[in-house]
Amino acid sequence: MNPAVIEVENLTKRYGDVEALRGVSFSVSEGEVFGLLGPNGAGKTSTVEILEGLRTPDSGRVSVCGLDPQRSGAEFKHEIGAALQSTALPDKMRVHEALDLFGSFYPRRRGTAELLKRFGLEEKRNAFYSQLSGGQKQRLALAMALVNDPRVVFLDEPTAGLDPQVRREIYDIIEELKKERKTILLTTHYIEEAERLCDHVAIVDHGKVIALGTPRELKERSGAVTRITVRMARPETNGAMGTLEGVTECRTEADDYLLYSTRVPRTIVALVKHLEEQNNELVSLEIAAPSLEDIFLELTGRRLRD
Amino acid sequence: MRNRAFLFFSLVMPLSFLFIYAGIFGRGNRQAMPYLLAEVLALTVMGSFWGLSVQLVTFREQGILRRFRVAPISASAMLASSIISNYFLTIPTVVIEFYLSRQVFHMSSMGNLLGVFVLITLGIATFATLGLVIASVTNTMQETQIINQIIWFAFLFLSGVTVPLPILPKLVQKVSYFLPATYLVSGLQQSMVDHAGISELGLDLASMLGCTVIAFLVSTQLFRWEPEAKAPRRAKLWAAAAIVPFLLLGIWENKYQHVLSRSISDYQLIEQSSPPDPKTPAR
């Protein structure tokens, strides 16, 4: 395993009466994409802003590239790049000027032309910031985060508020960064984003890390079950569906039966046998493997978007 | 220059003042133009006060400063760069004003250009840093606008830039001696009319320099990157430190009235050179 580039130990942070962070701990290895997944208000942004040096923790220890973000000043800032939750620039600043300006702050930097090409902003080179779409602004924010070719990149909700098409474009960019072995810490409340991009995920809720591991480990470790959605030609009222082998829970939703099973193959076989016995026909069958949302639901009793 | 509001306040308005002053108060008097141009130059330079305070508060409220905070750039570098860029944006207007005064209004003398240059340079720095101090102690744009208006009115009407210092009531003159704008206007008039050089304007320049340094240090100390960060209560006390040089100069001037006697001498020179016009009342 690669050495840890980011180390967070027992981080706490309070805003007035609100305890935003209540002892957050995790570490991020060099070259991995680490996700902080959780609903709004979970403490994700507070965590990442402390790591960026924008906020001071009340207690705990943080280290990025062996440096303390609060104390290391310019040396620390040369090592990191960040796309904040919302990046704002002067309306009349042109795209290439933003990259030129921010690039000028660093001794080591990537060329503006290279970044424009890489992030699909060549045609918008001379456009004012106010003329950019949401997706273009986010791509510019990512380009600015990489202008100094940093060792660690922080991405705070990089696709929030973007439509699915644009979101996928951003995912492609992040996957390219992943291939370059950049260490990336991203915060998100999108399951798909965490499952697709992250090597490790910390699920955060109410200021605490409630689960930590690879997406696969989290799904295997938890008691999350596979959901089988069944629609039959004739609905049943005798409750027999809930007694099929492997089924831990059965719910109905309109004309569908939602079977939650820990042993999917046996449940399917039992279902087919049951339908034959009842002289009933299968209209549709859908199998959904447990997602991180199911794990969050299992751990907190709430959906990620509640 | 891409910002229309900036273009209006930095170019259109000062040039409008030039035409108003020259047209209404000058009345074709070429001898009066250096005196009037001095007032217009002072107004142009004082515009830095509004420009930088509003810009800094706007950038902070919109979260623009926040992004800069992630980069390895210090508060002092941010502030210094805004002062320097403001300087280079103001100088073209000054040059145009000189050009128009000469070409359109046939100004007879260019004054002591070195003295004017130093005064304008220090004047821009002084008013820019005072604007930054205001932005450092206010929390919202609304608060900034209110404080700016109060201070601006004082600069406009109590310093001699609109109503000449010699004709202000005695009590008001006593207040004028504490305003940085008074020394800028008087110094520019001295340079333009009497060809006063740096040595004759030593006290004015020293006060402006002192004010600039203190105001810059104060605004650096109180600089806030975050939109939600509030100025601490002691901030306003720190801000008051920026005007200490002019406080001391004001006390001294109230006793010795050098700036008033300079202003009277320049004002009388212009009044004497004005052609008599029984139809138009004297200013």
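1. Which residues does Asn112(B) touch, not counting residues up to four places away in sequence? The partners are Ser191(B), His195(B), Ala196(B) and Gly197(B). Contact here requires C-beta atoms, placed from the backbone, to lie within 7 Å.

2. A note on the basis. This is a predicted model, in which local features need pLDDT of at least 70, side-chain atom pairs count only at pLDDT 80 or more, and totals for chains, interfaces and linings use all residues. Residues are numbered from 1 along each chain as its sequence is written, while chains are lettered from A and ligands numbered from 1 in the order in which they are written.

3. Back to Asn112(B). The residue sits in the loop between helix 4 (75-103) and helix 5 (113-137) of chain B. Helices are DSSP runs of H or I with at least four residues, strands are E runs of at least two, and both are numbered from the N terminus. Asn112(B) counts as buried because it has 21 C-beta neighbours inside 10 Å. The cut-offs are 20 or more other C-beta atoms within 10 Å for buried, 12 or fewer for exposed, and partly exposed in between. Ala196(B) is 84 residues away along the chain, yet the two C-alpha atoms are separated by 6.3 Å.

4. Helix 1 (residues 4-26) and helix 2 (residues 33-61) of chain B pack at about 155°, axes 10 Å apart. Axes are lines fitted to C-alpha atoms over the stretch in contact, with angles from 0 to 180 degrees between N-to-C directions. The pair is therefore roughly antiparallel, a label for angles over 145 degrees. The crossing is right-handed, meaning that the near helix is turned clockwise from the far one by less than a right angle.

5. The residues of that contact divide into 12 nonpolar, four polar and one charged. Nonpolar covers Ala, Val, Leu, Ile, Met, Phe, Trp, Tyr, Cys and Pro; charged covers Asp, Glu, Lys and Arg; the others, Gly among them, are polar. Helix 1 of chain B contributes Phe9(B), Phe17(B) and Tyr21(B), among others.

6. Among the residues making the contact are Ala38(B), Ala42(B) and Val45(B) from helix 2 of chain B, and Leu184(B) and Leu188(B) from helix 8 of chain B. By class, there are 14 nonpolar, one polar and one charged.

7. The largest nonpolar core has 140 residues. Such a core is a set of buried Ala, Val, Leu, Ile, Met, Phe, Trp, Tyr and Cys residues joined through C-beta atoms within 7 Å. Members touching the most others include Met144(A), Phe154(A), Ala42(B) and Leu188(B). Helix 2 of chain B supplies the largest share, 18 residues. A second, separate core of nine residues includes Ile228(A), Val230(A), Met241(A) and Tyr257(A).

8. At the interface, 16 residues of chain A are in contact with 12 of chain B. On the chain A side, helix 2 (residues 73-79) gives the largest share, three residues. That side has 10 nonpolar, three polar and three charged residues.

9. Chain A overall: 10 helices and 13 strands. Of its 306 residues, 39% are buried. Its C-alpha atoms fill a box of roughly 75 × 45 × 40 Å, taken along the principal axes.

Note on methods
Parallel < 35°, antiparallel > 145°, perpendicular 65-115°, else oblique. Contact = placed C-beta atoms within 7 Å.
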